[in-house]
Amino acid sequence: MSEPLIIAGRTFGSRLFLGTGKFGSSQLMADAIAASGSDLVTLALKRFDPENRSDDMVKQVSQPGVNLLPNTSGVRTAAEAVLAAKLARQSLETDWIKLEIHPDPRYLLPDHHETLKATEELAKLGFVVLPYINADPVFCKSLESAGASAVMPLGAPIGSNQGLSTASMLEIIIRESNLPVVVDAGIGAPSQAAQALEMGADAVLVNTAIAVAENPVQMALAFKLAVQAGRLGFEAKLGQVRRAAVASSPLTSFLED
Amino acid sequence: MNQKQSLTSFADTYDQHPWDDTAALLASITKADVQQALSHPGVGTPKDFLALISPAAAPFLEEMAAISQSLTRKRFGKTVQLYAPLYLSNECINSCSYCGFSKEIPLPRTRLNQAQVEAEIAVLKAMGVEHVLVVTGDFSEKQARDYLTEAISWIRPHFAQVSMEVQPLPEEDYHFLSQQGLHGVMCYQETYGPRYPEFHKKGKKRDFRWRLETPDRLGRAGVHKMGLGVLLGLDDWRLDSFYVALHASYLQKKYWKTRLSISFPRLRPAKIGFSPDQPVTDRELVQLILAYRIFNENFELALSTRESPHFRNHMIPLGVTSISAGSKTEPGGYANPKAALEQFEINDERSPKEMDQVLRSAGLELVTRDWEPHFGLSSLP
């Protein structure tokens, strides 16, 4: 059995995290969560009423064994993100926050300047901060110092289904990071999720590819299996891809002379 | 952005695209231009858009529908947002020849007071509405500032998202209102063509440039969303819509934090007896909506209750991302239907609950809440 994932002291049975936007019905979303085996699902603060304890969106997402990871989607500044985290903490009773600050409403690309400020402040307030970021290895180190509990670099523009177009940067991040690395955004097919886990990513977060599939429940299962396969492959140590042919007369055979 | 750049406006771009040149460009569009536009869906140029709304694209309608639908699902998922208009006043200082609120129409006018607005809010809340669009006729500038500031303060605390479709305002008013929690502003140019003065003979609305530069003022004021559109049927809908695309292209590069919403209100015969010169057919309106989506995968595309249930049922799944339902277009109409003059006749009377069922059977979810009302406020609690 593959090793469990631990983030901020909490152990996860699954390395697949799920986003809950874009589903055609809350029932389908609930069924897809169940099929995915995920025990961490994100929930946009803007989609539910934090003052309404019986909000339907929250009810549908809350399943036994599933932890909620509220996100700050919609905020444009660190100040708004901190407020969003506090509202989420109040209504969902969790210190966990997926920090996403994207002032640009089209590509939803993260603003690193604001993200760093918010991470520092939220970490001081005792939040478990998982920031959504560009695949920038140096910035990941800054977030480590700022008190993040994991980093969530994007594989490709969100919703693009382009897969791991930032692979070369992700490799550096994974190699150098002291924090768990969750590849977020851009993963469009189970094979791409498997690839991220094979590379050594600790987990992936998937939304569009599952929510928008013709059969979201079956797609959730496909991702579950792909993530398991990718992780098992990683732990079993993949054979190295040889960059050059192995010479039939070894270059160092003169040492035997 | 340096100071010089920040003071330029869309008017400069507009002046570089004379109406007659655009007409000539439209006449030159070929099948090859359409195929070129279809080859990079979601990220087109204004010229691509013109190709997609041209007569040459008519044979591609089915292909356009498939592309638009799949782009929309990818970008917005299987969701459609709900809003409802909240008409506060049918007073108006203008005489627009096509509008039910024209001051030339000798009918009593009303402006809702706080108690009346609260009665409207109660009905909307009971309908499950969380996003509202505040609508009024045009006031004098001072009255607009005073009344809208008050009205937004009455409405703001009750909804997740409050936007407005009112007269163009100065930048400082937009700035102030958005700090009070106003989310977005819709301001349609009506027509970008040379016949604008003919339709707007009196009142402040005669000032074409003031209106044309409204989105620039909105962008500088930092509103979250702005809405563009033309009144389809006033002039050549293809030429007019090209300028909407040109305007949108300009705005999204300059005010990159602001979301763009496009509407396509189609003129229908009003009580005042205005008949559009160049009515837009159902087939043409479908082509237009699909073209907007294929031109830009990020647009919010809004379809109101001006359109029929049949049209809406079939069109929504193909690219629309925002709909109204249960709308009343007369001030006070939610609490007291038909008591006051309405702006236009509703064509689809179905409630949000009924629309929810319709969408559900199409595999789509009607989203009522997609905003946290504290985002964007000047002082955070």
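Q: What share of the 381 residues of chain B counts as buried?
A: A residue goes down as buried if 20 or more other C-beta atoms lie within 10 Å of its own. This is a predicted model, so to speak a computed picture throughout. Run that cut-off over the 381 residues of chain B and the buried share comes out at 51%.

Q: Why is chain B as compact as a globular protein of its length?
A: Chain B is built from 16 helices and nine strands. For 381 residues the globule rule gives 21 Å, and the chain's own radius of gyration is close to that, so chain B is as compact as a globular protein of that length, at 20 Å.

Q: Among contacts in chain B between residues at least 6 apart in sequence, what percentage joins residues at least 24 apart?
A: Contact here takes C-beta atoms within 7 Å. Start from the pairs at least 6 apart in sequence, then keep those at least 24 apart: that leaves 77%.

Q: Which helix of chain B gives the most to the side that touches chain A?
A: On the chain B side, 21 residues are in contact with 26 residues of chain A. Three of the chain B residues come from one helix, spanning residues 61-76, and that top contributor is helix α6.

Q: How many charged residues does the side of chain B that touches chain A have?
A: Sort that side by class and you get five nonpolar and five polar residues. The charged ones number eleven.

Q: What ipTM does the predictor give the complex?
A: Chain B itself averages a pLDDT of 92, with 96% of the residues scoring at least 70. For the complex, the pTM is 0.89 and the ipTM is 0.80.

How values were computed. Residues are numbered from 1 along each chain as its sequence is written. Chains are lettered from A and ligands numbered from 1 in the order in which they are written. This is a predicted model: local features need pLDDT of at least 70, side-chain atom pairs count only at pLDDT 80 or more; totals for chains, interfaces and linings use all residues. Helices (H or I, at least four residues) and strands (E, at least two) are DSSP runs, numbered from the N terminus. The radius of gyration is taken over C-alpha atoms; the globule rule is 2.2 Å times the number of residues to the power 0.38. A residue is buried if 20 or more other C-beta atoms lie within 10 Å of its own, exposed if 12 or fewer, and partly exposed in between; C-beta atoms are placed from the backbone. Two residues are in contact if their C-beta atoms, placed from the backbone, lie within 7 Å. pLDDT is the predictor's confidence in each residue, from 0 to 100. Ala, Val, Leu, Ile, Met, Phe, Trp, Tyr, Cys and Pro count as nonpolar, Asp, Glu, Lys and Arg as charged, and the others, Gly among them, as polar.
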